[in-house]
Amino acid sequence: MTRTYARSLCGCRIYDLIPFYRGVKITVVGVISSKKVVGLMTLNWSMDGRAFEVFIEHFLVPNLWEAAVVVMDNLPAHKLGTMEPLIQAAGASLLNLSRYSPDFNSIELWWSQLKFFLRQFSPSTTKMVDILLATARLFGQS
């Protein structure tokens, strides 16, 4: 999560220290509505079906409201059979996007902005990412 580009005066070179570490992969899972961030979770390594199920149970379902529509893309972890009953039990419905349709997924622009924010600080641990996400949420509410 380091910056990928920099700016300088014309003819001047930019120097920056980019940490090189062989740490764990950090994954951020999130849900947004048209008005707010509904839920966020960070985890070490990649997300699998079990981690996504924990996210649904503990972060999404408690924050759902009656007649909400949950839109998911085609990640294999999103297609577990246990997801839809959990979402429907909260009074919401599930809508799966068609294949290869990131343009229809409204969260993609949000992820881009969040990654830009995180890259400014080059976090290397899950705890650092959690602190930055809490800071971003705090400033996003004011």
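**From a loop into the helices**

Guide: Alanine 67 sits in the loop between α1 and β3; helices (H or I, at least four residues) and strands (E, at least two) are DSSP runs, numbered from the N terminus. The model is predicted, so local features need pLDDT of at least 70 and side-chain atom pairs count only at pLDDT 80 or more, while totals for chains, interfaces and linings use all residues. Residues are numbered from 1 along each chain as its sequence is written, and side-chain values use heavy atoms, with hydrogens and water left out.

Although alanine 67 is not a glycine, its phi is positive, about 70°. Alanine 67 is exposed, at 63% relative accessible area; buried means under 20%, exposed over 50% and partly exposed in between (1.4 Å probe, protein chains only). Tryptophan 45, in the loop between β2 and α1, also has a positive phi of about 70° without being a glycine. Tryptophan 45 is exposed as well, with a relative accessible area of 54%.

A search of the whole structure finds one salt bridge, that is, a side-chain nitrogen of Lys or Arg within 4 Å of a carboxyl oxygen of Asp or Glu. The side chains of arginine 50 and glutamate 53 form it (3.3 Å, N to O). These two residues are three apart in α1, which separates them by about one helical turn. Arginine 50 is partly exposed at 49%, whereas glutamate 53, at 15%, counts as buried.

Now the interior. A nonpolar core is a set of buried Ala, Val, Leu, Ile, Met, Phe, Trp, Tyr and Cys residues joined through side-chain atoms within 4.5 Å. The largest has 19 residues, of which Phe52, Ile56, Leu60 and Ile87 touch the most other members. At least two residues of this core come from each of β1 (26–32), β2 (37–44), α1 (49–60), β3 (69–72) and α2 (83–89). The largest share, five residues, is supplied by α1. Apart from this core lies another, of nine residues, including Leu114 and Leu118.

Helix α3 is the last stop. The buried residues of α3 are Ile107, Trp110, Trp111, Leu114 and Leu118. Seen down the axis of α3, they fall within an arc of 100°, so they line one face of the helix; the arc is that of the directions from the helix axis to the C-beta atoms. On the other side of α3, Leu109 and Phe116 are exposed.
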